[in-house]
Amino acid sequence: MPIPEMTPTQKYEIFCKKHPQYKKMSMDQICSIMLKQKILNESEIKEIKNPLLKFSYEVKPGWTPKGYENMGLYISSSAQKKTKKPTNYIERPKKYHPQFPKLEINDNGTINLSAFSLENLKEKYNKNNYNIKTEKKNNLTLTTVTDKNGRAVFSMTAHGFLKTKYINFYNGQNRESFTLNDKNEITEYETLTTTNKKTTFKRYDIKSKFPEFITERYPNGDRKSTNIDTKTGQIKYQEYWTANGNSAKWFVEYSNGKPYKKGGAGLKTEYPLVNDLDADITAKNAIGLPTTRPSIKENVLKRITYNNVDEILDKYKNKTGRDLMQDINEEIGLSKDTRDKLINHIETLYCKKLPGKESGEYLAQKLFDDIQGLGSGKLAEHVKMIDSNNLKYVLAKYRALTHEKFQNTMNNNYKFTIFLSEYLGVYTDTSKIAEDLAPIEGLLTAISDEWGLPQSKRKALIKQIIDVSLKDKAPEIKTRIKRDIKSHPNDNHKIEVDLYRAENSNSGDLRNTELKNEKLKTKENKTFSGQIKQGLTGDCWLLAGLNSIIAKPEMRNKLEKLVKIDPKTGDYLVELKGEKKTYRITKTDLNEYTALSTGSGKVNAIEIAMDKFIRDENYNNKDKIFNIDKEFGFVNYVTIDGNHSQYLWRALFGYNPNLFDIKIDSSKEDFSNPKRVYSMSLKTGELINIPNIAKSEKQENYEIISRHAYSIIGSDDENIYLLNPWDSEDKITITRENFKKLNAKIDFYEIPQKK
């Protein structure tokens with residue numbers, strides 16, 4: 001029966017306390033139960049749900065609702081407890097962190113730092129027994145509580161700039177520590193305990209119940225460190241240091257909770273996992289016949305990891321003289337499915353661990369064997385191992401391998417042609433047969449023509465490779481590549497060119513917004529000038545080539561005739577005379593190409609025209625190979641990143657066969673020759689560290705770097721003069737003697753004379 005002397009709110013509160021089983025129910029559900037039991041009537045329920053209509057005028061100055069308005073309850077802070085309370089006031093229960101009960105939390109689960117305000121600390125810690133103080137220094141605010149003996153009880157440090165808080169609770173020599181971010185969420189938890197004079201420090205990942213790091217320090221100063229996998233609780237690494245040791249006395253590295261590597265100061269490094277794998281494969285059964293231990297599955301699938309795969313493969317070969325994957329593949333004690341699973345696990349990890357170039361070349365060989373050779377039946381698995389780090393190397397190496405096969409087939413065919421012609425007594429051309437047997441093809445085309453797979457599977461593999469090329473790319477690049485692919489959806493060669501260009505977007509894509517350059521005031525300059533400043537892309541060869549032309553008046557005049565401006569539209573018309581092509585560069589192009597050099601609009605027009613020409617040339621030449629110039633740097637000929645200045649000069653003015661075998665002697669050449677242009681680059685990886693090797697108008701000691709192109713704009717008896725496209729207004733001077741020390745590759749060009 002209803003209790004008339006109680007308010008509806010009081011009835012509701014008492015009912016909730018008596019029936020904790022209803023605590024997860026909503027207010028509507030609880031009120032419905034109370035209505036059925038005739039504890040509340042409908043008007044009382046309405047009063048509880050809409051308390052402000054009735055009680056707002058009763059609120060005293062200084063009182064504000066604190067989140068329980070829908071229950072008609074007003075909540076007070078501790079400072080307001082002495083104030084006369086409204087009739088519908090209840091004390092709000094405090095909530096504590098379920099994992100760390102020393103920390104009070106707000107309704108949203110964040111730590112309530114007001115619980116550690118000076119006011120609340122003084123209420124908690126009696127001033128007769130504790131000292132409480134706050135200090136501020138720079139961006140730090142430090143609050144401490146100590147007992148009368150000066151021992152720390154509590155401390156909190158707040159970093160004003162980083163918005164980070166550090167909370168510590170002390171209990172004698174023991175300590176609990178919390179790190180909070182700017183949202184007052186716990187990010188780290190640490191404990192320090194002392195037992196029998198041994199101190200143990202543990203650091204926890206807040207998302208895991210396992211500590212990620214443990215350090216144990218002993219009375220004599222020795223210490224042991226342990227790293228733990230916070231997902232499984234298994235040990236990852238352990239080491240023991242003596243107080244005066246310069247290196248670990250011993251260490252053990254674990255995988256799947258078992259040691260795979262042991263060593264230490266003065267100890268021979270051992271590999272228990274290698275021993276286990278060798279024993280797995282060379283095991284014999286009770287009657288002495290070869291077999292395989294069941295533990296090989298765990299030892300390969302769980303104990304060989306990304307961190308140790310290369311080391312285990314290497315040490316296995318050192319110990320046994322055999323290749324682990326080959327041993328597994330030849331293990332008759334395993335089913336084919338198990339062998340494939342084990343090998344695929346190792347190969348996947350191995351490819352991820354290798355640098356992109358090595359991984360790509362390894363995979364390309366595997367894919368080539370899958371498609372062109374007898375195959376391993378693992379084409380799909382090998383495609384899965386392609387990622388954004390190795391894709392461009394896979395594409396380049398695969399083409400190189402098909403080119404190599406083509407050359408070998410043509411050589412064999414030549415011998416066969418001679419033999420057949422002599423036998424028949426008449427010349428017989430069999431080159432067409434050779435081309436059919438060993439075409440130069442890219443990976444996507446090879447997969448598309450793989451008759452051993454259903455067409456749906458082939459399409460899925462090609463899509464998988466395309467998706468890899470778009471991964472981690474900026475949205476603008478993804479959109480553009482998808483747009484390019486849609487324009488030729490069934491041409492695998494063109495798609496492959498698109499993918500290769502996408503993989504070089506960080507240095508070879510003039511439309512990559514992440515490489516955007518600041519525009520100088522001279523951006524609208526419609527003549528060629530020496531104000532060129534290279535952007536973040538790798539077109540130094542192009543800009544160095546242009547600087548060389550601009551520096552020679554006769555050559556510059558010929559260049560001006562090749563780049564015209566449409567008076568009606570303002571578009572640039574760039575004629576590549578040597579290629580018999582003209583490209584119209586519109587304002588849309590200039591807006592889309594955001595990573596151009598700065599200094600001249602005409603230079604930008606040539607950059608865009610050459611980028612389009614490089615793309616079109618690769619689109620239209622299915623036999624073109626993605627090359628790597630091992631001596632003078634990476635040259636891919638598919639994007640604008642990496643090439644030689646001759647490529648630009650020939651495209652602009654035409655190929656000059658008379659210059660083919662001429663070598664330049666830098667000690668004698670007149671680089672001021674008005675009819676010739678020159679540029680130079682250094683060998684890959686060659687570090688130039690010769691004091692005072694060069695100087696410029698802005699730098700007394702100018703350093704020439706490798707894998708970069710420079711213009712050679714002139715010379716005299718003593719010196720050679722250069723321009724760096726990074727700052728084409730800074731003339732560089734280097735003596736002929738020092739220039740010879742560079743061992744540079746010199747490109748030069750002379751416009752063919754009309755007959």
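Asn-184 counts as buried because its relative accessible area is 19%, and the cut-off for buried is under 20%. This is a predicted model, so keep that in mind when reading any of the numbers here. The residue sits in the loop that links β7 (174–180) with β8 (186–195). Its backbone is worth a look too: phi of Asn-184 is near 60°, a positive value, and the residue is not a glycine. As background, most residues other than glycine have a negative phi.

Lys-197 also has a positive phi, about 70° in this case, again without being a glycine. Its place is the loop between β8 and β9 (198–205). Is Lys-197 buried or exposed? With 68% relative accessibility, Lys-197 counts as exposed, because the threshold for that label is over 50%.

Asn-656 belongs to the loop running between α24 (645–653) and β19 (676–681). Its relative accessible area is 8%, so Asn-656 is buried.

Which residues does Asn-656 touch, leaving aside its neighbours within four places in sequence? The contacts are Tyr-749, Glu-750, Ile-751 and Pro-752. For Glu-750 there is an atom-level detail as well: its backbone oxygen lies 2.7 Å from a polar atom of the Asn-656 side chain.

## Strands around β23

Strand β23 (residues 727–735) pairs with β20 (residues 695–696) through 2 bridges, and the two run antiparallel. If you want to find this pairing in the viewer, look for Lys-695, which stands opposite Thr-733 in β23.

Strand β22 (residues 719–724) is joined to β23 as well, by 5 bridges and also in an antiparallel arrangement. Here Asn-719 has Thr-735 of β23 as its bridge partner. How many residues lie between β22 and β23 in their hairpin? There are 2 residues between these strands.

## The whole chain

Of its 755 residues, 46% are buried.

Taking contacts between residues at least 6 apart in sequence, 50% join residues at least 24 apart. As for the surface, the accessible area comes to about 41600 Å², and carbon and sulfur atoms account for 49% of that.

Terms used. Residues are numbered from 1 along each chain as its sequence is written. This is a predicted model: local features need pLDDT of at least 70, side-chain atom pairs count only at pLDDT 80 or more; totals for chains, interfaces and linings use all residues. Side-chain values use heavy atoms; hydrogens and water are left out. Helices (H or I, at least four residues) and strands (E, at least two) are DSSP runs, numbered from the N terminus. Buried means under 20% relative accessible area, exposed over 50%, partly exposed in between (1.4 Å probe, protein chains only). A polar contact is a pair of N or O atoms within 3.5 Å; within protein, one must be able to donate a hydrogen and the other to accept it, and residues adjacent in sequence count only if both atoms are side-chain atoms. Contact means heavy atoms within 4.5 Å. Two strands pair if DSSP finds at least two bridges between them. Accessible areas come from the Shrake-Rupley method with a 1.4 Å probe; for residues, only the protein chains shown count as cover.
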